[in-house]
Amino acid sequence: MATLGFCCVVIFSLLFVKGGQADLYGSTPPPPPDSVSGKDFPQSVLCNDPQSKCFGAQISCPSQCPSFKPSNSQDKACFVDCNSRNCEALCKRRRPNCNGIGAACYDPRFVGGDGVMFYFHGKTNEQFSLVSDVDFHINARFIGRRPQGRTRDNTWIQALGLMFGPHTLTLAANKVARWDNEVDQLVLTYDGKPLLLPPGQLSAWTTPDGRLFVERTAKFNSVTVLLHGSVEISVNAVPVTKEDDRIHKYQIPHDDCFAHLEAQFKFLRLSDRVEGVLGQTYRPGYRSPVKRGVSMPIMGGEDKYKTSSLISADCKYCIFSAPDSRTAAIKSIVLDPSMAMIDCTSKISPGHGLVCRR
């Protein structure tokens, strides 16, 4: 990559699924933040997929968010969608949008692929499959407590487990009594071994083959995980705040702030057989069973999606299996192309081209 003051052209691999789904990350970590900040030269994208609405358009980042990966975590990032109505870039934060499609936040509240919001309470200290597909699988571990006088536990997602091929990645929030935003409470492992990600915005790690990429989106407690060609996961570790406790009457004890994860999943490719608490909502023809118009629409299915551990795919409805055991023909689902994210920090790779400039 060239430093600021020089032009750079990067062509990335795009994996399109029926007109627009793409994995836009490359296989290596980005260069240091000061070489991609884009403060002097706003980055841009040339949409050169003939199937996209904005084919042939050069879409530039606005001055309010000139970079796809700003070096300051408080700055908004530039997002480009080559199928947008006006062929314009948008400014958004690289954090989970708890009201957006694919969100899993709070205690816990989900927004399905059909746009319907629902709650799934699960059970304290147990694991459930959020997404189970032929190529990858995602579990969540729940923590919780039952306030005095209540008939059920309040639960939160404390950890996520990602499985693909023979590999596993886990992300978990530490148990702490008092929350400090300047202390990192995210714990990561890869294939059962600690994954040490140095603190700092844009600090990154990748597997040798580039299939998995992990990057901090703030100095502490916020990361983005990209499984190349499959899913992007934005994660924040947060506590239950005193205000949340006051409003919802959780009766949080003094020795545990119930640190948990807020997450948003952006799927780049799914099969039409996808399962899981969240995954099922992306299937063609899916109709949500939750009651509309109530304050807390509940999604059941604990018995269908309970797994024996954070990195097990042994629930009743799980379909993930080792690559060499798959025999069924797979049909891909067409996903919302606005969920893809542009990255102008990757090396040249084969596939459909998309040109980024600063």
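**Confidence first**

Colour the chain by pLDDT, the predictor's confidence in each residue, from 0 to 100. The average over the chain is 81, and 78% of the residues score at least 70. This is a predicted model, so local features need pLDDT of at least 70 and side-chain atom pairs count only at pLDDT 80 or more, while totals for chains, interfaces and linings use all residues. Residues are numbered from 1 along each chain as its sequence is written, and side-chain values use heavy atoms, with hydrogens and water left out.

Now select residues 1–40. Here pLDDT stays under 50. The model still has 141 contacts beyond four places in sequence for residues 1–40; a contact means heavy atoms within 4.5 Å. Then select residues 324–329. Their pLDDT also stays under 50, with five contacts beyond four places in sequence.

Switch to cartoon view. Strands here are DSSP runs (E, at least two residues), numbered from the N terminus. Two strands pair if DSSP finds at least two bridges between them. Strands of a sheet pair through backbone hydrogen bonds, either parallel or antiparallel.

Trace the order S8-S7-S6-S19-S18-S17-S16-S15. These eight strands form an open sheet with antiparallel pairing. Which strands stand at its edges? They are S8 (117–119) and S15 (204–206), each pairing on one side only. From one strand to the next, the twist averages 15 degrees; the axes are lines fitted to C-alpha atoms, and angles run from 0 to 180 degrees between N-to-C directions.

Zoom in on S6 (residues 103–105) and S7 (residues 109–111). Two bridges hold this antiparallel pairing. Select Ala104: opposite stands Phe110 in S7.

**The seven-stranded sheet**

Move to the order S14-S13-S12-S11-S10-S9-S20. This is an open sheet of seven strands, again with antiparallel pairing. Its edges are S14 (193–194) and S20 (306–307). Each has a single partner strand, so one side of each is left without a neighbour in the sheet.

Select S12 (residues 167–173) with S13 (residues 186–190). They pair in the antiparallel sense over five bridges. Ala172 faces Val187 in S13.

**Ile138 in S10**

Next, select Ile138, in strand S10 (residues 136–145). Is Ile138 buried or exposed? Its relative accessible area is 1%, so Ile138 is buried. Buried means under 20% relative accessible area, exposed over 50%, and partly exposed in between (1.4 Å probe, protein chains only).

Show its contacts. Leaving aside residues up to four places away in sequence, Ile138 touches Phe128, Ser129, Leu130, Val131, Leu160, Gly161, Leu162, Ile233 and Phe265. Ile138 and Thr170 are 32 residues apart in sequence, and their C-alpha atoms are 9.5 Å apart.

**The cores**

A nonpolar core is a set of buried Ala, Val, Leu, Ile, Met, Phe, Trp, Tyr and Cys residues joined through side-chain atoms within 4.5 Å. The largest one has 51 residues. Which members touch the most others? Select Phe136, Leu160 and Phe265.

Centre on Phe136. Beyond four places in sequence, its contacts include Leu162, Met163, Phe164, Leu227, Phe267 and Phe320. Another core lies apart from the largest one. It has 11 residues, among them Ile59, Cys61, Cys65 and Cys78.

**The disulfides**

Show cysteine side chains. There are six disulfides in the structure, each a pair of cysteine sulfur atoms within 2.5 Å.

- Cys61 and Cys78: the sulfur atoms are 2.2 Å apart. The link is left-handed, with -90 degrees about the S-S bond. Cys61 sits in the loop between S3 (58–60) and S4 (77–79), and Cys78 in S4, 17 residues apart. Both Cys61 and Cys78 are buried.
- Cys65 and Cys91: the S to S distance is 2.0 Å. This link is left-handed, with -80 degrees about the S-S bond. Cys65 is in the loop between S3 and S4, and Cys91 is in S5 (residues 90–92), 26 residues apart. Cys65 counts as buried because its relative accessibility is 0%. Cys91, at 26%, counts as partly exposed.
- Cys315 and Cys318: S to S is 2.0 Å. The torsion about the S-S bond is about 115 degrees, so the disulfide is right-handed. Both Cys315 and Cys318 are buried.

Finish at Cys257. Its relative accessibility is 7%, so Cys257 counts as buried.

Terms used: Helices (H or I, at least four residues) and strands (E, at least two) are DSSP runs, numbered from the N terminus.
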